Amino acid sequence: MAAVKVRRLPKLRPINVSWRRQVEDHEGVRTALTCENERRCKAGIPTKAIPDLPERNIGSLQSIQTFRPVTAWSDIHPDDHHLYTPEQLHEPTGEVSRVKVINRLAYRHFDAVEGGEHQALVGFQTEAQERADAEYKKKRKAQADKLARRAKAAGLKVATDLVQVDPSEAKKAAAQAEKYANMHREAKQEIADRYEYGFYTKTCKVAGEVVAAFNEYLGKDCKNLRSGLGSPSVARMVALYPRKGLIRAGYDKGALFESATKLFALDAPYVELNKKIIGCIVVELDSVLRPEEFREALLAILGPQRMPNLIVGRISSSGFLVRPHLIWILKKPIWNDPLREITDANTGEVTTIGDKRCRMKPIKKAYVVQRCLTQLLLPLGADPAMTNMWKPKCPLSAFWSTIITNDDRFHALDDFEQIPNWPRNVDEAGMAETAATMRAQAAGATASGSNLAWRLVGNEIEPLARLQLKARDQDFIEAGKAGVESLARWFDAKVRPAVEAEIGPSEGLDRIMERRCTFHARWCLGKLSPRKRKSSRGRDRDIIFKDNPNPTPTDHRIEAGKKSAKHRRAVSVWALGKEAAVALSATGEIHRAAFIKNLDTVTRPTAYRCFDKVMAMLGLVEVEEGVFRKPTAVSPSVSDGAPKIKSQSHEARKQATVPGPNAPSTSDSTPAPSRSPGNPAQPLDPAPANPASGPPPWQTCALLPVDVRPQAVTRVPEPEPA
């Protein structure tokens with residue numbers, strides 16, 4: 001029986017195009033064109049021009065930006081900077097303006113408030129980085145020492161102690177090792193190229209929009225990383241994302257994938273924060289303003305002390321900041337791993353996870369602060385749904401513009417209560433209603449007028465849709481065959497005259513008509529499609545009677561029975577599978593007769609019919625007559641005609657002994673060979689075997705183990721102590 005394959009989740013593919021890969025692709029194109037031009041010359045055909053190396057110095061509208069006043073440093077020629085002191089160069093000479101941070105030298109902090117903590121934040125980040133570098137060097141040295149000890153110990157091995165290896169297995173293992181070594185080497189080269197040449201991407205669709213090719217180069221001194229430009233707020237965000245292997249990112253907020261490296265994950269526009277800590281407060285704004293207007297509005301509401309540390313969004317070609325995310329970084333992250341219980345959907349088993357030392361009071365307070373900030377920023381278009389708390393727009397991604405608005409301090413939860421007009425009690429339902437009212441007023445409509453138009457359109461379009469599903473007018477069918485948009489236009493043409501006669505035309509009515517017509521067009525097409533017709537529910541049975549337009553109640557019952565039998569079988573299989581999973585986790589095996597006899601949720605005839613299907617779903621095999629277990633390795637003696645192992649639990653199987661083909665059946669017989677993920681089956685006490693008698697010690701004649709990791713083909717025993 002073949003080994004069971006484990007389904008592996010897809011990995012995030014890096015969108016960065018390295019310079020080395022561009023050069024390799026160009027060399028391949030140049031070689032191919034050179035060969036083709038030689039053939040063209042011999043045939044007398046004009047040759048093709050060989051393209052130049054691709055350009056990477058393509059700018060972008062997105063960048064790192066900050067607000068600071070114009071200083072003497074900008075007014076004085078760089079050659080004359082040495083004539084002034086640093087205090088004179090940083091003296092403000094103009095108003096606060098927004099500037100781009102194109103490299104490490106371009107970032108210059110200016111204290112926006114008195115008593116700022118910028119120097120302390122920079123010192124903390126520097127100390128943390130130095131500590132991390134020291135720990136990394138210590139770890140690398142420990143790894144090198146361990147490899148040196150292993151190499152020295154391997155030199156003392158005796159050739160006669162080596163286990164015989166199948167040449168085909170050795171060749172396969174060598175090819176596998178070479179494959180993973182090449183993958184690791186390729187990843188290292190891509191990372192080094194990213195540090196040296198910066199981020200570059202071709203034209204692609206990211207976050208729902210088509211982005212033209214661009215390159216973000218910030219300098220080698222900061223390794224072309226936004227976190228290395230000098231801002232403590234941007235650098236702090238790196239620590240708030242999970243480590244390699246746990247980080248999840250995506251190029252659209254609808255789906256996130258695991259990433260092999262944290263560096264390439266942070267290039268994605270959406271990255272999931274570490275859910276075990278609450279390190280920042282995020283508020284999403286569904287509005288479009290210029291960055292200067294956003295800053296002035298935030299200063300008027302929050303004041304300079306409680307400004308968000310970062311504003312992340314996309315700057316359009318007209319200079320507007322589109323739907324930004326506001327990020328307040330907390331001084332002390334909050335531990336978010338409370339003790340909780342989860343229930344397995346298949347077995348019903350309850351598992352306790354989390355840590356009992358984690359307190360709920362700070363966690364609840366963090367959520368209260370986020371709701372209060374959302375309530376306070378509703379005039380700026382704050383989203384009351386708060387759907388992107390854990391996956392905000394990544395400020396480290398080159399696909400967004402990151403505006404640094406507060407590098408003076410991080411925030412504590414108690415500090416937000418100092419904001420003027422801070423709300424004490426926030427009702428999420430009331431907040432959603434307030435936001436809807438504000439949006440309606442901004443669009444030039446009132447809440448009552450909008451509700452009236454919605455009801456009027458519904459009173460016209462809903463009966464029309466139900467009537468057409470029965471009548472099937474020819475123009476309705478033709479519009480439906482053309483697609484959703486065509487059918488929506490058909491509904492619009494039928495409904496709009498009657499509605500406009502009641503309330504008159506308006507922009508709000510246009511939006512309502514578009515939404516309701518599109519919805520009913522999709523709904524009708526779903527009812528009419530053959531795929532939907534086969535799996536329709538009981539209340540939708542009328543539409544499937546083509547030949548009999550007036551079905552009797554008996555016809556309805558017959559049709560309902562045809563459609564529900566498949567569903568009943570699926571429910572029975574699901575219930576039987578849950579019972580089997582519980583029994584398997586309790587005893588390690590399933591006896592068919594005893595298991596079906598004790599069932600309460602499924603009848604016995606149904607259980608016998610579905611039993612084999614459930615065993616296949618759970619991956620169980622029949623090791624004895626009527627006994628099913630997980631596939632595991634069995635001693636060669638089983639296949640040679642020796643008695644099989646009787647049913648036993650998992651703990652008992654650990655201590656089971658299997659006698660050899662010629663050994664007496666006593667309690668002192670040699671234990672069965674064991675398998676480990678890294679080694680083939682080996683006796684517990686290996687002894688010299690005669691190659692001419694019996695199978696080699698590394699072979700088994702039983703089912704393969706459920707382990708897809710690469711298996712080693714050699715095992716060198718440790719030297720005997722002198």
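**Charges and turns**

Tutor: Let's start in helix 13 (residues 484–503): Arg 496 and Glu 500 are four residues apart there, so about one helical turn separates them. Helices (H or I, at least four residues) and strands (E, at least two) are DSSP runs, numbered from the N terminus. Keep in mind that this is a predicted model: local features need pLDDT of at least 70, side-chain atom pairs count only at pLDDT 80 or more, and totals for chains, interfaces and linings use all residues. Residues are numbered from 1 along each chain as its sequence is written, and side-chain values use heavy atoms, with hydrogens and water left out.

Student: OK, and what do Arg 496 and Glu 500 form?

Tutor: A salt bridge, with the closest N and O atoms 3.1 Å apart. The term means a side-chain nitrogen of Lys or Arg within 4 Å of a carboxyl oxygen of Asp or Glu.

Student: Is Glu 500 buried or exposed, or partly exposed?

Tutor: Glu 500 is partly exposed, with a relative accessible area of 27%. Buried means under 20% relative accessible area, exposed over 50%, and partly exposed in between (1.4 Å probe, protein chains only).

Student: How many salt bridges are there in the whole structure?

Tutor: A search finds 28. One of them links Arg 20 to Glu 24, the closest N and O atoms being 3.7 Å apart. Arg 20 and Glu 24 sit four residues apart in helix 1 (residues 19–43), so again about one helical turn lies between them.

Student: What about Asp 337 and Arg 340?

Tutor: Their side chains meet in a salt bridge too, at 3.1 Å from N to O. Asp 337 counts as buried at 12% relative accessibility, whereas Arg 340 is partly exposed at 36%.

Student: New topic: where is Gly 219?

Tutor: Gly 219 lies in the loop between strand 6 (214–216) and helix 6. It's buried, with a relative accessible area of 11%. Gly 219 and Gly 198 are 21 residues apart in sequence and 7.8 Å apart in space, C-alpha to C-alpha.

Student: And where does Lys 244 lie?

Tutor: In the loop between helix 6 (232–239) and strand 7 (248–252). Lys 244 counts as exposed, because its relative accessibility is 54%.

Student: Last one: how many helices and strands does the chain have?

Tutor: It has 20 helices and 21 strands. Of the chain's 722 residues, 35% count as buried.
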